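Hello,

Here is the structure I promised to pass on to you.

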Amino acid sequence: MAPLKIAIVGAGIGGPAAAIALARNGHRVTLYDRLKNTSEVGYAFRITPNSDRCLKHLGVDTIAGGAVAANSGRLMNKDGELVHVTTENTDPKEAKRSVSVFAYRPQLHQQLMEVALASGVEKKFGVKIESVDVENTQLVFADGSTVSVDIIIAADGVHSVVRPHVIDVTKYFPSAITGHSAFRFMVSKPICQKDKLLSSIISDDTHFLSWGADERRILVYPVNYDKQLNITCTHPKHLSEKEGAGDDASAVGELHDTASFSGRPRRYMLTIGPLAYNQVASFETALDIYKDFEPAALRLFHLAHPDGLRVWPLQDMDEIPTWSKNRTVLLGDAGHPLLPFGFSGASMAIEDAITLAELLPKDVEARDLEDRFKLYENIRKPRVAVVRDRGRDVAKGADSKTTVGPYLQWLAEYDALEVTRAALAKHLEAKA
């Protein structure tokens with residue numbers, strides 16, 4: 001059986017994960033991305049034990065790569081009063097198999113790419129895909145060239161260029177359904193530990209902190225070998241939109257010169273248009289949104305680099321009717337963008353990658369591919385739906401302190417490899 005020629009569009013997290021597994025199955029895999037350097041994009045996220053097991057299966061050790069164990073968390077109200085405590089990684093035996101960690105995206109991406117290249121994956125970065133011919137399984141590039149393959153896997157994220165060729169994007173598209181955005185920035189953990197306001201709550205044992213009130217949350221967790229803190233501040237998106245902005249999705253507000261907290265002049269975004277993506281934001285705007293939070297929480301904004309604050313509209317998408325068309329299949333955010341409140345955007349993409357690869361072993365026949373894509377969809381859709389609903393519920397103010405423990409346990413106990421192998425065995429038995 002000749003190996004399949006597989007093109008993966010998008011080299012974020014899910015794309016390289018799928019590339020590794022498929023290359024090890026014996027297939028010829030090429031990763032495409034419009035960016036020349038994909039390692040510098042992104043902030044941080046949670047990797048729960050279910051996806052950490054998947055990464056270990058691929059030969060990626062998240063802790064060795066700089067991720068920090070998410071052993072405990074403190075959930076507080078806006079005044080800093082403790083509401084709930086979470087604990088994870090408490091079972092030493094289970095911790096040997098997998099752990100819950102906070103990962104810095106550039107570091108995990110670098111690990112995945114190193115393993116992918118060592119596994120024989122070819123990369124072609126800095127190329128723009130103009131369109132996709134799903135009838136002939138062909139990529140069409142901006143320079144007019146084309147490449148024909150056996151399978152196209154779309155792992156190109158929320159703003160996927162492949163998705164419009166698989167589903168009707170006039171009916172199904174990402175949007176800020178719950179009406180939230182998030183500020184994101186990084187601060188030095190050692191600096192916080194020396195700060196008078198923060199030293200009492202930011203210690204060597206700090207794994208996760210959150211302040212919350214009225215659909216506004218400030219989330220803090222360590223990454224990069226415990227040297228940096230990733231800060232995510234969610235809020236109703238109208239609070240950070242430019243007042244009077246129109247409906248143009250490209251609107252990004254206005255730039256102006258101002259002074260940073262250190263007194264140095266800086267040039268950065270004042271306010272943000274409705275669906276601007278990853279735009280520079282104003283610290284004044286952020287401080288105004290969280291002005292009634294305790295001083296320690298607000299102090300984090302003052303310690304950030306004045307050019308380092310970004311705002312993102314938090315988008316997800318309703319369940320789509322199909323994840324594939326002919327031999328083109330969607331993976332991760334390309335098929336199911338999720339809100340961060342479910343802790344699982346990256347984790348679901350990694351599970352997708354492992355599931356899809358497990359269904360495409362070396363001896364899979366071309367005539368069975370579309371059947372396997374439907375099986376992949378049937379395995380993954382119900383789980384993704386739970387994560388989607390969880391994210392929306394929390395965004396709308398659902399009480400998370402009593403449900404976060406069971407939800408995290410449900411996430412952690414899932415084994416993508418075991419589930420997929422059992423489903424494939426049942427599928428093959430039914431066809432025999």
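This is a predicted model: local features need pLDDT of at least 70, side-chain atom pairs count only at pLDDT 80 or more; totals for chains, interfaces and linings use all residues.

Let's start with strand 16, which covers residues 228-236. Eight of its nine residues are buried, so the rest of the structure largely encloses this strand. Which strands pair with strand 16? One partner is strand 13 (residues 180-188), which is antiparallel to strand 16 and joined to it by nine bridges. If you want to find this pairing on screen, look for Ser181, whose bridge partner in strand 16 is His235. Strand 15 (residues 216-223) also runs antiparallel to strand 16, with seven bridges between the two. Here, Pro222 has Leu229 of strand 16 as its bridge partner. Strands 15 and 16 make a hairpin with four residues between them, and Asn224 in that turn has a positive phi of about 55°.

Next, the nonpolar cores. The largest has 84 residues, and Leu139 is among the members that touch the most others, along with Ile8, Leu22, Ile47, Leu112 and Ile153. A second, separate core has 30 residues, including Phe185, Leu198, Ala297 and Val311.

Finally, is Thr328 buried or exposed? Thr328 is buried, because its relative accessible area is 0%, and buried means under 20%. This residue belongs to strand 22 (residues 328-330). Beyond its neighbours within four places in sequence, Thr328 is in contact with Val132, Val134, Ile152, Val162, Val166, Trp323 and Phe373.

Enjoy exploring!

Notes. Residues are numbered from 1 along each chain as its sequence is written. Side-chain values use heavy atoms; hydrogens and water are left out. Buried means under 20% relative accessible area, exposed over 50%, partly exposed in between (1.4 Å probe, protein chains only). Contact means heavy atoms within 4.5 Å. A nonpolar core is a set of buried Ala, Val, Leu, Ile, Met, Phe, Trp, Tyr and Cys residues joined through side-chain atoms within 4.5 Å. Two strands pair if DSSP finds at least two bridges between them.
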